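Biologist: Could you walk me through a few local features of a model? I'd like the general idea each time, then the case at hand.

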Amino acid sequence: MPTLQFAPFSSVVSPAFWHKLTDLKIDVLKLSDEAVPITGTYTAGKSIVDRETGQEVHLGTGFSVGGESFEASSTTSTTPGASGHSGNAVTATGSFKNFNTIEEFKALDKTKYFDEEAQKIWDSIIATKSTAELNRFFVITFADLKKYKYYYWFSFPAFVSKPAWEIGEGSESWKSVVDVLSRDELASINAQLRAEPTLPAFFLVKRARGGSQGAPVIGKVEDYETFFTDVPTSERIVSFIDPSPDPQNPGWPLRNLLAYLRALYPESTTSMSVLRWRDTEVTTPTPNTVWKSQIGTVYLKEVEGAAAGKRPSAVGWERNPNGKLGARLADLAPMMDPTRTRCSGCRSQLEADELDLEKVSGTKCLLLGAGTLGCYVARALMGWGVRTITLLDSSRVSFSNPVRQPLFEFEDCVDGGKPKAECASERLRKIFPGVNATGHTLSIPMPGHPVPAGSVEQVRKDVEKLEALIDEHDVIFQLMDSRESRWVPTVLGAAKGKIVINAALGFDTFLVMRHGVRARDQKEGQERLGCYYCNDIVAPGDSLTDRTLDQMCTVTRPGLAPIASATAVELLTSLLQHPEGPETGGSVLGAVPHQIRGFLAQFRNLQLIGRGWDRCTGCSEGVLEAYEKDGFDMLLKVFNDQKYLEEIAGLG
């Protein structure tokens, strides 16, 4: 006899599921990766007739989840009630587990996790004899909320029978149900199913004595022993809602139903008549109704010495579109409806006898980072009349950007997103055609991020381009989203005598500071102001790997970035208005502090002074002289060996 093959489920995920997950992640789950209950549904298998060929085309064995899957009020197919149901779908319970990082998603011990979920199904069979968990499923996900990309992997655990089930041949193979049951019997079964409070996933059928002369009765699988009292084994019919339209391969739920019956009633289940019910959409049967259900007899060979009650192995991970075991990707970015806005140009309206506006407008500013801080800094600089603004960034505009970054629109996000730096500079020119705005896509190499041998030449070119850009500008704004990405510009800015302005964000705090001048250039009798790294006693390292959502720069109070950006620009303009430049403590515009630390929760700012340190990893003479002597080779050693930087700074 042929081995019984089963058609696996294929997940069908509605976009509403991902929208609901996004809200749940931000508002409820936050950083929790605990599994939460969800529900899914499937319907009876369907097929259509191709109009051109006249052949029957079988549709997929779909298992659907949507926004309603997270609702606690969702009911399962075993919920009791008093009135009939109107739906044609079976509801299954499951669990959903979302990971905070892609690394955690990949690192999950999937074999162990799958085994634990399969054990829950087996425990429900042995302990409670309930069929409620037979269709249990689970899904693991990672939600990249910045790019609206969702990585997910469904699993539908099902037990493997050894030896395998076989389907009868000839009259016992799969055949139309009308070959065994009369139309009146089918109409009666249909009516009883529709009278149930919810559509049952599994049920039993007992024909009236005398065959088709009386109405059959349906019952719960949990009542198998009592329901089939005095009914010969050959006349017992085990039934399930079959999601498979394939005439040869029944749907996935049958696997666990057979495992359930074998575990609890091994003596009477070596052969069974199985009804694959696929007529859930029939409401009022007529003599012309085409019944799509099938019935057949399955067999299992008994094996001597088989361990009774031992849990069989299980399978059930869904394959990806390439037919391999692996996660799938849902990219919702293309589904977003782009909107277009128009902005009118503006001009600087500042006029004051005391202000040297020519000095401000002639200052060439290099903005490292074209994200939230970069956009607001660029706008504030334009407001002051700065006419040379160069932006540098390595990323592209994503759908989470436009609401927080005022130089981008939704149209910039489609087709993978435009390069941020070029897009931002183009938008600046649209706002005011007189601005000399350019953008460069460039990655800044960082300590703690080793450079593979094959990438050395590309990194060398990136550093050379960065050096050239810093040479061409007067001011460097460091507006990146990681600590270590600021190290190279700090060293280059100090070595080349540039003004360096830093802005960094926390959730409700910010830091804006200006770097002091180089130690050898410090005027006698004055204390040297520190740089961004002067308070560190270790070299900067990798802070990007395995970051959770709260550690990303986007998780800040929305008003914080414009406050910090405006503060950074005002600090620069105050500095430019003093004849002593970077060494000043005040100007015609007022104070020129070293550091401003803002605390939005208290709505207050603190002005602080941080002294320069002769062992600083960013601006000490040991580090700067090593760079001036060895150039890129020194930087490459730092990228590959954090200890080397500490040694030349004097920390080792």
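Modeller: Let's start with Asp279, which is buried but has no salt bridge; Lys292, the nearest side chain of opposite charge, is 6.3 Å away. Buried means under 20% relative accessible area, exposed over 50%, partly exposed in between (1.4 Å probe, protein chains only). A salt bridge needs a side-chain nitrogen of Lys or Arg within 4 Å of a carboxyl oxygen of Asp or Glu. For charge, Lys and Arg are positive, Asp and Glu negative, while His and the chain ends are not counted.

Modeller: This is a predicted model: local features need pLDDT of at least 70, side-chain atom pairs count only at pLDDT 80 or more, and totals for chains, interfaces and linings use all residues. Residues are numbered from 1 along each chain as its sequence is written, and side-chain values use heavy atoms, leaving out hydrogens and water.

Biologist: Which side chain makes a polar contact with the side chain of Asp279?

Modeller: That's Ser293, at 2.5 Å. A polar contact is a pair of N or O atoms within 3.5 Å; within protein, one must be able to donate a hydrogen and the other to accept it, and residues adjacent in sequence count only if both atoms are side-chain atoms.

Biologist: Is Phe603 buried or exposed?

Modeller: Exposed, with a relative accessible area of 66%. Tyr148, also not a glycine, has a positive phi too, near 55°.
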